[in-house]
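Me: I am new to this structure and would like to know what lies behind the labels. Could you walk me through it?

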Amino acid sequence: MPSRADLTVQTAALVALAAVLGYAEAVALPPLPVPGVRLGLGNVAVVVALALLGARPALVVSLGRVLAVGLATGSLGGPASAMALAGAGAAWLVMAGLASAGRTFSAVGWSVAGAAAHVLAQLAAACVLTGSPAPLSLAPLSLALALAAGLATGSMAAAALSRAPRVLSRPLAEGAPGTGEGVPRGPAAAREL
């Protein structure tokens, strides 16, 4: 088992990475044509955390990213922040569930499913906030864009995992599927870092 300090440091590093990627996306990349849909660069760090450290640290990375980006952009506490938290929670729930299925789903699959869950939860939150079902009319286009974004960010996460140091290139004795070269995950991987 990794020490609590090691796990804390590794989780904090991934929170910082997710926050930087999320903030850079918020300020530098043009928004997608549908409200609330983004590429989700910060999700790369969440998928990496899920593969390497497990579900709980990945939740910390996901929620930490939302809070940090909300604070940096001034949206913390507003409707956008509430929608982002709903989306992040739903995405983590789906991705952690798929990751617990072992080799059945790849890291790219986690990301695609997480992106879909993120968008659907955001639309549900928007319906609650507006008191109207009108946001659901965006669901088809939002889902299509989210699936493409999930595929892109999942591919980035898989590429990052496959190019990481030696710990990430070991055989998949207990690792995550679909990351290219075999990625141990959970405490076993954290022990090696």
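This is a predicted model: local features need pLDDT of at least 70, side-chain atom pairs count only at pLDDT 80 or more; totals for chains, interfaces and linings use all residues.

Me: Why is Ala 107 called buried?

Reply: Its relative accessibility is 0%. The cut-off for buried is under 20%, so Ala 107 counts as buried. This residue is found in helix 5. The C-alpha atoms of Ala 107 and Val 48 are 8.4 Å apart, although 59 residues separate the two along the chain.

Me: And why does Leu 76 count as partly exposed?

Reply: Leu 76 has a relative accessibility of 40%.

Me: What makes up the nonpolar surface patch?

Reply: Leu 63, Leu 67, Leu 71, Leu 76 and Leu 85 form the patch, which is about 420 Å². Its largest share, three residues, comes from helix 3 (residues 55-73).

Me: How do you know that the length of helix 5 agrees with what its residues should span?

Reply: Helix 5 (residues 107-130) has 24 residues, which should span 34 Å at 1.5 Å a residue. The expected span uses one less than the number of residues. The end C-alpha atoms of helix 5 are 34 Å apart, so the two values agree. Just after this helix, Gly 131 takes a positive phi of about 70 degrees.

Me: Which residues touch the most other members of the largest nonpolar core?

Reply: They are Leu 14, Val 61 and Trp 110, in a core of 24 residues. At least two residues of this core come from each of helix 1 (4-28), helix 2 (43-52), helix 3, helix 4, helix 5 and helix 6 (139-162). Helix 2 gives the largest share, nine residues. There is also a second, separate core of seven residues, among them Val 37, Val 119, Leu 123 and Ala 139.

Me: How many helices and strands does the protein chain have?

Reply: The protein chain has seven helices and two strands, and along the sequence they follow the pattern α-α-α-α-α-α-β-β-α. Of its 193 residues, 45% count as buried.

Technical notes. Residues are numbered from 1 along each chain as its sequence is written. Side-chain values use heavy atoms; hydrogens and water are left out. Patches are made of residues with over 30% relative accessible area and no salt bridge: like charges are joined within 9 Å, nonpolar side chains (Val, Leu, Ile, Met, Phe, Trp, Tyr) within 5 Å. Accessible areas come from the Shrake-Rupley method with a 1.4 Å probe; for residues, only the protein chains shown count as cover. A salt bridge is a side-chain nitrogen of Lys or Arg within 4 Å of a carboxyl oxygen of Asp or Glu. Helices (H or I, at least four residues) and strands (E, at least two) are DSSP runs, numbered from the N terminus. Buried means under 20% relative accessible area, exposed over 50%, partly exposed in between (1.4 Å probe, protein chains only). A nonpolar core is a set of buried Ala, Val, Leu, Ile, Met, Phe, Trp, Tyr and Cys residues joined through side-chain atoms within 4.5 Å.
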